[in-house]
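Here is a short briefing on how two chains meet and what lies inside them. Look over the sequence and the 3D view, then read on.

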Amino acid sequence: MNPIMKFIHLMGSPPWFYQFSGRLIPWLWGLFVVLAACGLYLGLVKAPPDYLQGESARIMYIHVPSAWMSMMIYALMAVMGFVGLVWHVRIAEILAISSAPIGALFTAVALASGSLWGRPTWGTYWVWDARLTSELVLLFLYLGVIGLYSAFDEPRKAARAASLLALVGLVNLPIIHYSVTWWNTLHQGSSIGASGSSIHPSMLWPLLIMALATKFYYAANLLSRARIRLIEQDQRKNWVRELLQEGTA
Amino acid sequence: MSHTPFILAAYGVATLLLLWGALAPVLRARKLKSEIRARLERTGD
Amino acid sequence: MSGTSAWHAFTALLRRDLVLAFRRRTEMFQPLIFLLVVVSLFPLGVGPSPQLLASIAPGVIWIAALLATVLSLDTLFRSDFEDGTLEQFVVSGHPLTAIAFAKILAHWMVAGVPLVLMTPLLSLWMNLSVDGMVVMLVTLVLGTPVLSLVGSIGGALTVSLKRGGQLLSLLVFPLYVPLLIVATNAVSAAVAGLPYTGQLGLMVAGLIAALTLAPFATAAALKLSLE
């Protein structure tokens with residue numbers, strides 16, 4: 001068996017996944033903290049204020065990565081949900097449903113920071129701008145997935161239903177995005193985007209570092225959420241019993 | 001208009017939300033594990 | 001062979017659903033009365049100014065149509081699920097997609113078509129011009145099947161839940177956003193004397209996409225709910 005297939009095979013084993021992710025999580029958190037510290041230092045201290053938007057452009061370093069993450073996590077959630085639905089891979093189901101709250105969190109951060117950026121820039125906290133509106137619809141999509149999951153009693157059935165909804169949402173997401181953008185150009189004319197067309201390297205670097213940092217946040221958080229779901233579902237199985245009895249001894 | 005309060009508020013909200021997102025599973029794991037341990041000790045099951 | 005059997009199941013189920021709906025006429029009219037009441041609340045809420053009403057008319061009528069559809073979606077699969085008919089459909093070996101499609105078509109004929117027929121009255125109330133009314137009719141003819149098709153996925157996902165109704169609206173409304181945007185825009189453009197064929201083209205594309213994809217998703221969701 002080649003190493004990749006072996007890895008995938010091992011990932012399907014709950015105790016192995018639990019052990020492996022437990023060892024990985026501290027490293028992922030560490031990388032997140034280091035990268036976030038670098039990104040924030042570069043973005044908030046070193047980078048010059050934007051010549052158009054002034055100091056408020058510094059909000060971009062949290063807003064843009066969060067918005068990217070909110071969309072990336074939705075796509076990943078749907079893909080993992082698809083794997084779970086088609087091949088009945090339980091780890092994939094768990095990873096899909098564990099992604100939803102993290103994605104919703106990033107969407108909320110993107111909305112809050114976008115609105116706080118809007119006050120000094122547009123003079124109001126909320127504008128029905130294309131970006132904010134699609135983020136809002138995305139938040140509703142996440143809440144639908146979370147709501148559907150929690151409405152079922154049986155966790156595996158819940159995860160499969162939520163995965164199917166996430167897939168339907170993924171097909172719709174580009175349509176929503178383009179229709180909202182189109183609607184926005186019709187109703188508002190052009191507004192200042194959150195990022196200029198050409199961006200200075202001193203502003204690009206902190207942005208990219210923050211984008212990378214949020215990916216580690218997602219990975220660490222996803223694994224720790226997945227671990228809980230796993231022991232919750234398997235709490236009457238031997239490996240969980242052994243694991244917890246070892247812990248107390 | 002000074003932009004600083006808005007920048008601080010944006011990063012403050014983001015920190016709070018992300019911190020909560022990171023801590024929630026830790027607390028949940030602790031609670032769940034102690035529940036399962038209690039059940040194991042009570043019933044041996 | 002399986003093609004003819006699927007067709008047979010499809011027509012039999014469609015006929016049965018229409019007969020059942022006709023027998024429960026009062027139930028069928030409830031979403032329509034709801035639609036009338038919701039639209040009539042707007043002049044009371046925002047004032048009777050004809051210009052204002054005309055300018056918000058496309059959005060108001062379309063949003064009322066979305067609400068009325070979601071109201072009737074909850075019952076789409078529920079009674080068949082509760083009395084075990086749905087399980088029999090699966091056991092019967094007929095393709096579930098054909099069955100889902102028949103249910104969706106019946107839903108559109110019972111809930112969507114009357115909604116389209118109400119448009120002249122609603123347009124009159126909302127002071128919509130004749131051009132606007134005609135385009136409103138066209139958008140509803142193209143859009144209500146999409147409402148039934150996309151909504152049926154949500155209905156199938158929530159059918160095994162005791163209180164699926166409230167959840168259903170949360171699941172379905174975000175998916176309706178593009179349709180709402182394009183349809184209301186077409187009507188507004190027609191009222192303003194601007195071209196609107198592009199918007200109608202998008203709606204046709206959306207209808208075709210929903211027709212080809214939604215029945216499969218609904219069938220998958222039904223299968224899941226019956227597990």
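Which residues touch the most other members of the largest nonpolar core? They are A:Tyr74, A:Val145, A:Leu148 and C:Trp62, in a core of 159 residues. Keep in mind that this is a predicted model.

**Where chain C meets chain A**

- On chain C, 23 residues are in contact with 27 residues of chain A.
- The area buried between chain C and chain A is about 2000 Å². Carbon and sulfur atoms give 81% of that area.
- One salt bridge is counted between the two chains. Its partners are the side chains of C:Glu227 and A:Arg160, with a distance of 3.6 Å from N to O.
- Three helices of chain C each give two or more residues to the side that touches chain A: α7 (130-158), α8 (164-191) and α9 (197-226).
- Of these elements, α8(C) gives the most, with 10 residues.
- Sorted by class, this side of chain C has 17 nonpolar, five polar and one charged residues.
- Between chain C and chain A, one residue pair is in polar contact, with both residues at pLDDT 80 or more.

- C:Trp62 is among the residues that touch the most other core members.
- Beyond its neighbours within four places in sequence, C:Trp62 is in contact with a list of chain C residues. Among them are C:Met136, C:Leu140, C:Leu147, C:Leu179, C:Ala183 and C:Met203.
- The contacts of C:Trp62 also include C:Thr139, C:Gly143, C:Thr144 and C:Thr184.

**A residue in α7: C:Ser152**

- C:Ser152 is found in helix α7 of chain C.
- Is C:Ser152 buried or exposed? It has a relative accessible area of 0%, so C:Ser152 is buried.
- Setting aside neighbours within four places in sequence, C:Ser152 is in contact with C:Leu73, C:Leu76, C:Phe77, C:Ile104 and C:Thr218.

**A residue in α2: A:Pro14**

- A:Pro14 is found in helix α2 of chain A, which covers residues 14-46.
- Why does A:Pro14 count as buried? Its relative accessibility is 16%, and buried means under 20%.
- Apart from neighbours within four places in sequence, A:Pro14 is in contact with A:Arg90, A:Leu230, A:Asp234 and A:Trp239.
- A:Pro14 and A:Lys157 are 143 residues apart along the chain. Their C-alpha atoms are separated by 18 Å.

How values were computed: Residues numbered from 1 in each chain as written. Chains lettered and ligands numbered in written order. Predicted model: local features only at pLDDT ≥ 70, side-chain atom pairs only at ≥ 80, totals over all residues. Heavy atoms only, no water. Contact = heavy atoms within 4.5 Å. Buried area = accessible area lost by both parts, 1.4 Å probe. Salt bridge = Lys/Arg side-chain N within 4 Å of Asp/Glu carboxyl O. Polar contact = N/O pair within 3.5 Å; in protein donor to acceptor, adjacent residues only side chain to side chain. Helix = DSSP H or I, 4+ residues; strand = E, 2+ residues; numbered from the N terminus. Nonpolar A, V, L, I, M, F, W, Y, C, P; charged D, E, K, R; others polar. Core = buried A, V, L, I, M, F, W, Y, C linked by side-chain atoms within 4.5 Å. Buried < 20%, exposed > 50% of the residue type's maximum accessible area, 1.4 Å probe, protein only.
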